[in-house]
Amino acid sequence: MKVMIVTGGTGGHINPALALAEILKQKDPKNEVVFIGSKVRMESTVIPEKGYRFFGLDLVSMHGNLIYKAKYVLDMYQAYRQAKQILKNEKPDICIGFGNYISVPVILAAHRLHIKTMIHEQNSFAGKANKLLSRYVDGVVGCYNSNIDQMPAGNVRILGNPEATLLKDITFETAMLKNLELQEDIPFVVFMMGSLGSSSVSKVIDEAIGMFDTDYQVIIATGKGNEYQYQSKLPENVKIVPYIDGKQALKGCALAVTRAGATTIAEICAIPASSILIPSPFVANNHQYYNAKVLEDIGGAIMIEESKLTAKSLSETINALMHDKQKLVALKQNAYQLAKIDAADKMIMWIEEIING
């Protein structure tokens, strides 16, 4: 089976695509997976580093003034022609899109060439690209029941995020704590605001450091692209690092404070982890808020909107939770209700059904 995957823009689109590719290869090493994305965004380096063949298209986001948007329309047509030629040469059995504008020309080209198609929606609030493409594809994989109503013209199945399938057997390695000179037998809270971090949230965390109780440990992963410089004098139980293995941190922590991106939510539910979610207000359609709301509504997370976030509210919420083991257990158990750890397996079964149908 030869699968062409189109993905890009952010880790929320790229990580589940890579997870599906990995499990396709685990199931059958003869399966071939090829990727398409933008030449100039993170997928152009991340995906080849994983050992997959990658085709880059000359297309960037449509954000900007009218002149920029007009150029985007021309670039979209050019990307469509590029994608069509790549698909003719590669002859995949199916083409799968993982959201983002880069999916549009590729999936439409595959549809025009009568190649089987599928899209995956990671968020509870479907993106514009997937809403458009859902009318043309053979299958739509969603993670939330809300996706069914958002794409009524599509053949939608709620199977979950392939990322969850990779996490079902993960174990925590205490070496992470040793490397940070932290104690293995003391519970820890981890802060992770994504690979780029958040200056606005970092400022609040900085102000809250002196308000954290001292009977637990704190790891703050700032994000490699975060320009904020922490000012607080750090107590021995608090460590600040630019990056941390997110999956390991979620597995080992007593409590995680994170954004509410699709991949993060999938990881929290599948691992599972107790969490405080601070949705980013700077994303399309405010989709992180809706992701967090779904989890909050079933008692699987505490949500604090960034507009209401203060050092006092943050520290008081964390301190209260860290002294309420019953609540921490409940958050974890409720989050696991949304986990679909067989997501990739079911998705692959449907891929085979579509190809053979």
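This is a predicted model: local features need pLDDT of at least 70, side-chain atom pairs count only at pLDDT 80 or more; totals for chains, interfaces and linings use all residues.
**Entry 1: K308 and its partner**

I started at K308, which is exposed, with a relative accessible area of 58%. Next I looked for what K308 pairs with, and found a salt bridge to E305, with the closest N and O atoms 3.7 Å apart. I checked E305 as well; at 28% relative accessibility, E305 counts as partly exposed. The two ends of this bridge get separate labels because exposed needs over 50% and partly exposed runs from there down to buried, under 20%.

**Entry 2: K178 and E184**

I then turned to another lysine, K178. Which residue does K178 form a salt bridge with? I found E184, and the closest N and O atoms are 3.6 Å apart. K178 is exposed, at 52% relative accessible area. E184 comes out at 45%, so I put it down as partly exposed.

**Entry 3: a pair within helix 9**

I moved on to K203, which forms a salt bridge with E207; here the closest N and O atoms are 2.8 Å apart. Where do K203 and E207 lie? I placed both in helix 9, residues 199–208, and they sit 4 residues apart, about one turn of the helix. Side chains of opposite charge can pair when their charged atoms come close.

I looked up accessibility for each end. K203 is partly exposed at 43%, and E207 is listed at 43% too, also as partly exposed. I also went through the polar contacts and found one of 2.8 Å between the side chains of E207 and K203.

E207 and I220 are 13 residues apart in sequence, and their C-alpha atoms are 13 Å apart in space.

**Entry 4: the salt-bridge tally**

How many salt bridges does the count come to? I got 16. I also wanted to know which residues join up beyond simple pairs, and I noted a network of salt bridges that links K2, E32, R53 and E90.

**Entry 5: N123**

N123 is found in the loop between strand 5 (116–120) and helix 5 (128–133). Buried or exposed, I asked myself about N123? At 7% relative accessibility, N123 counts as buried, since the limit for that label is under 20%.

What does the side chain of N123 make a polar contact with? I found the side chain of N291, at 2.8 Å. Leaving aside neighbours within four places in sequence, I listed the contacts of N123 as Y144, N147, A262, H287 and N291.

**Entry 6: cavities**

The largest cavity has a volume of about 150 Å³, and 13 residues line it. Nearest its centre I found C143, Y144, I265, A266 and L338. Y144 was already in my notes as one of the contacts of N123.

Which helix gives the most to the lining of the largest cavity? I traced that to helix 11 (residues 262–270), with 4 residues. I sorted the lining by type too: 9 nonpolar, 3 polar and 1 charged.

Definitions and conventions
Residues are numbered from 1 along each chain as its sequence is written. Side-chain values use heavy atoms; hydrogens and water are left out. A salt bridge is a side-chain nitrogen of Lys or Arg within 4 Å of a carboxyl oxygen of Asp or Glu. Buried means under 20% relative accessible area, exposed over 50%, partly exposed in between (1.4 Å probe, protein chains only). Helices (H or I, at least four residues) and strands (E, at least two) are DSSP runs, numbered from the N terminus. On a 1 Å grid over the protein atoms alone, a cavity is a set of points where a 1.4 Å probe fits but cannot get out, and a pocket is an open set with protein on both sides within 12 Å along at least five of seven lines; lining residues have an atom within 4 Å of a point. Grid points are joined across faces, edges and corners, and a volume is the space filled by probe spheres set on the points. Ala, Val, Leu, Ile, Met, Phe, Trp, Tyr, Cys and Pro count as nonpolar, Asp, Glu, Lys and Arg as charged, and the others, Gly among them, as polar. A polar contact is a pair of N or O atoms within 3.5 Å; within protein, one must be able to donate a hydrogen and the other to accept it, and residues adjacent in sequence count only if both atoms are side-chain atoms. Contact means heavy atoms within 4.5 Å.
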